[in-house]
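Biologist: I would like to learn how to read a model like this one. Please take me through it feature by feature.

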Amino acid sequence: MPINHLLRLLGLLLVPCALAQAADFPSRPMRYVVAFPPGGVNDAIARILSQRMSDVLNVPVIVDNRPGAGGNLGSELVAKAAPDGHTVLNISTAQAISQSLYAKLGYSLERDLTPVILLASSPLIVALHPGVNARGVRDLIAASKVQPIRFSSGGIGTISHLSGEMLSRAVGFAGIHVPYKGGGPASVDLIAGQVQMMINAVTDIAPAAKAGRMRAVGTMAEKRHPQLPDVATLPEQGYKDFVLNNWVGIVAPVGTPKDRVQKLYATIASIMKEPAIAERVVSYAFDAAIAPPEQFAKHIRSEVQRFAKAVKESGAKAE
């Protein structure tokens with residue numbers, strides 16, 4: 001028999017086997033690792049999804065919080081797990097930053113983990129102390145020329161730090177970074193006037209902005225956010241290429257069979273479109289940004305490169 005006919009026959013024989021594997025998956029409880037403590041957005045979205053995944057897949061889907069080292073402990077755990085689809089990891093912008101922020105990592109986001117689905121994203125907001133005489137980014141630039149703007153962050157190498165450095169280089173305002181141990185203390189000192197600016201998530205900025213304790217002056221997105229409809233986007237203010245957000249997605253160990261990855265993607269994408277689930281995700285100021293594995297892989301690659309440049313330019317190193 002010619003070799004090409006033999007290969008075609010072999011392929012036909014393998015198709016039913018692959019379909020049978022996908023049909024039998026998952027065959028036991030799944031572990032959904034979150035590399036951060038309970039209570040944050042990563043944990044919240046994982047718990048929203050895990051309950052419905054359990055219902056749809058007919059097996060328990062257990063959220064397993066493994067915090068530490070900026071999300072790297074949990075990420076490394078999943079990178080070394082059996083590639084059978086029963087262990088997945090919730091990732092966010094933090095893991096993309098870690099690839100260049102840490103000199104030594106026990107895993108590679110692109111080499112050791114395979115994308116399953118991009119879930120949702122939420123834009124960052126530029127917020128000022130009300131005492132700063134600025135209503136937009138151009139005012140901010142002008143104010144910084146009189147006196148450099150002190151901007152707070154949740155720590156060196158966090159997205160609230162790097163976004164400030166990136167904005168400074170993109171628009172040319174003079175800024176001085178003031179790192180804190182977490183976003184909470186950074187917000188408190190902005191409200192108290194110890195610093196003049198902070199860039200953070202909508203959930204952290206919107207309540208204080210609505211109460212008048214902060215002034216939101218720019219949304220790092222292509223469209224205005226429903227929670228801050230009066231705040232113009234940076235593209236609206238003339239900075240067309242400056243879009244920056246926090247995003248969440250799911251990956252699995254590299255080598256996970258493609259049919260299982262595809263089944264997970266199809267299942268989770270369908271769940272994300274359920275009105276009740278979408279409403280809960282929106283309550284955390286995230287919007288669905290569903291993308292399949294191939295598209296998510298491109299997004300991860302782009303984000304790793306983007307933040308590698310920011311880390312290098314800022315000189316940030318993991319503490």
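Biologist: Which side chain makes a polar contact with the side chain of S153?

Modeller: One caution before the reply: this is a predicted model. The partner is H177, and the two side chains come to 2.6 Å. Polar contacts are counted up to 3.5 Å between N or O atoms.

Biologist: Where does S153 sit in the secondary structure?

Modeller: S153 belongs to strand β5, which covers residues 149-153.

Biologist: Is S153 buried or exposed?

Modeller: Relative accessibility decides that, and buried means under 20%. S153 has 0%, so the residue counts as buried.

Biologist: What surrounds S153, apart from its neighbours within four places in sequence?

Modeller: The contacts of S153 include T158, S160 and H161. H177, V178, P179 and Y180 are also among them, as are G182 and A186.

Biologist: Now a contrasting case. Where does A69 lie?

Modeller: A69 is in the loop that links β2 (61-65) to α3 (72-79). Its relative accessibility is 40%, so A69 counts as partly exposed. A69 and L105 are 36 residues apart along the chain, yet their C-alpha atoms are separated by 10.0 Å.

Biologist: How should I read a helix?

Modeller: An α-helix has 3.6 residues a turn, so residues three or four places apart point the same way. Then take α8, residues 202-210. Its buried residues are V202, I205, A206, A208 and A209.

Biologist: What does the whole chain look like?

Modeller: The secondary structure comes to 11 helices and 10 strands. For overall size, compare the radius of gyration with the globule rule. A compact globule of 319 residues would be near 20 Å; the chain has 22 Å, which agrees. The C-alpha trace spans about 80 × 40 × 35 Å along its principal axes.

Biologist: How much of the chain counts as buried?

Modeller: The figure is 50% of the 319 residues. The accessible surface comes to about 14800 Å², with 55% of it belonging to carbon and sulfur atoms.

Biologist: How far apart are the mean positions of the positive and negative charges?

Modeller: They are 3 Å apart, for 32 positive and 24 negative charges.

How values were computed. Residues are numbered from 1 along each chain as its sequence is written. This is a predicted model: local features need pLDDT of at least 70, side-chain atom pairs count only at pLDDT 80 or more; totals for chains, interfaces and linings use all residues. Side-chain values use heavy atoms; hydrogens and water are left out. Helices (H or I, at least four residues) and strands (E, at least two) are DSSP runs, numbered from the N terminus. Buried means under 20% relative accessible area, exposed over 50%, partly exposed in between (1.4 Å probe, protein chains only). A polar contact is a pair of N or O atoms within 3.5 Å; within protein, one must be able to donate a hydrogen and the other to accept it, and residues adjacent in sequence count only if both atoms are side-chain atoms. Contact means heavy atoms within 4.5 Å. The radius of gyration is taken over C-alpha atoms; the globule rule is 2.2 Å times the number of residues to the power 0.38. Accessible areas come from the Shrake-Rupley method with a 1.4 Å probe; for residues, only the protein chains shown count as cover. Lys and Arg count as positive and Asp and Glu as negative; His and the chain ends are not counted. The place of a charge is taken as NZ of Lys, CZ of Arg, CG of Asp or CD of Glu.
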